[in-house]
Amino acid sequence: MISVAQDSGGAKAVDKWFDRASPTFRCVIDTTHQISSLFGWVNLPCAAWIDEQGRVVRSNEGVLPAEMGVNLGVVKLIAGDSSFSDATRDWIEHGAASEHVLSSAKLAEQTKPVTDETLLAEAEFKLALHFEAQGDKGRARRHFATASELAPDNWLYLRQGWTASRSRAYSDLKSYRRMSRLNKNTDKVFSDRTGLPGENYRRFTLPEWFWTPMLQRFKQRRRR
């Protein structure tokens, strides 16, 4: 197992998360988002299965090992389920015989198409990373913004741009609003379906306000 942190901030930005997790497997830092460029990912978290022959047999975005909550002020965003981790355990046990292994045709089918706009967006994003590394924050911000305009559904571009501008509070709120707006449309969602058993689809749009637990307890008492 290899965990990759994609962040232009490097070790300074991600080491605290690695330390908090106390991982027992290899963790690396990808400051130029090379892994997402290679796999065609536009979102996080994401994961791929690679077999002993070096073949990718599954690749999904929006996967978490379990249900988790992300606090965004007065609201908590409920995300994740155990479907991907359960499927991963099945693949580890059964290998190529696992029912969750995808064929080459299915993998190609779910890979996002490459267009002139997405190629240009990728170039703009790499330029933004370059200027950020050079300390030219003004140019970096402009290229981050252009990349997001060309590929508005690429959350990696958005998140890295927000991190570079250090507008964390604003980015969290904007992220939640945009996430909710995308999920209200039928053709654009925060993450594609994985098609795995037990998947809680649209799980990223389930908000829990700080008064929700109290309200739930009140409703339970009334039913009694």
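Two strands count as paired if DSSP finds at least two bridges between them. Helices (H or I, at least four residues) and strands (E, at least two) are DSSP runs, numbered from the N terminus.

Before the details, a word on the source. This is a predicted model, in which local features need pLDDT of at least 70 and side-chain atom pairs count only at pLDDT 80 or more, while totals for chains, interfaces and linings use all residues. Residues are numbered from 1 along each chain as its sequence is written, and side-chain values use heavy atoms, with hydrogens and water left out.

I will start with the strands. S3, residues 46-50, pairs with S4, residues 56-61, in the antiparallel sense over five bridges. Ala47, for instance, has Asn60 in S4 as its bridge partner. The two strands form a hairpin with five residues between them, and Gly54 in that turn has a positive phi of about 80°.

In one of them, Lys112 meets Glu61 at 2.8 Å, N to O. This pair links distant parts of the chain: Lys112 sits in the loop between helix H4 (104-110) and helix H5 (116-133), and Glu61 sits in strand S4, 51 residues apart.

For accessibility, buried means under 20% relative accessible area, exposed over 50%, and partly exposed in between, with a 1.4 Å probe and protein chains only. Glu61 is buried at 10%, whereas Lys112 is partly exposed at 31%.

A second salt bridge joins Arg89 and Asp86 at 3.5 Å, N to O. Both residues lie in helix H3, residues 83-94, three residues apart, or about one turn of the helix. An α-helix has 3.6 residues a turn, so residues three or four places apart point the same way. Arg89 is exposed at 56%, and Asp86 is partly exposed at 43%.

Last, helix H6. What does this helix reach from its first C-alpha to its last? H6, residues 137-150, has 14 residues and reaches 20 Å, close to the 20 Å expected at 1.5 Å a residue; the expected span is 1.5 Å times one less than the number of residues. Its buried residues are Ala140, His143, Phe144, Ala147 and Ser148. They cover an arc of only 140° around the axis, so they lie on the same side of H6; the arc is that of the directions from the helix axis to the C-beta atoms. The face turned away from that buried side carries the exposed residues Arg142 and Glu149.

Notes
Salt bridge = Lys/Arg side-chain N within 4 Å of Asp/Glu carboxyl O.
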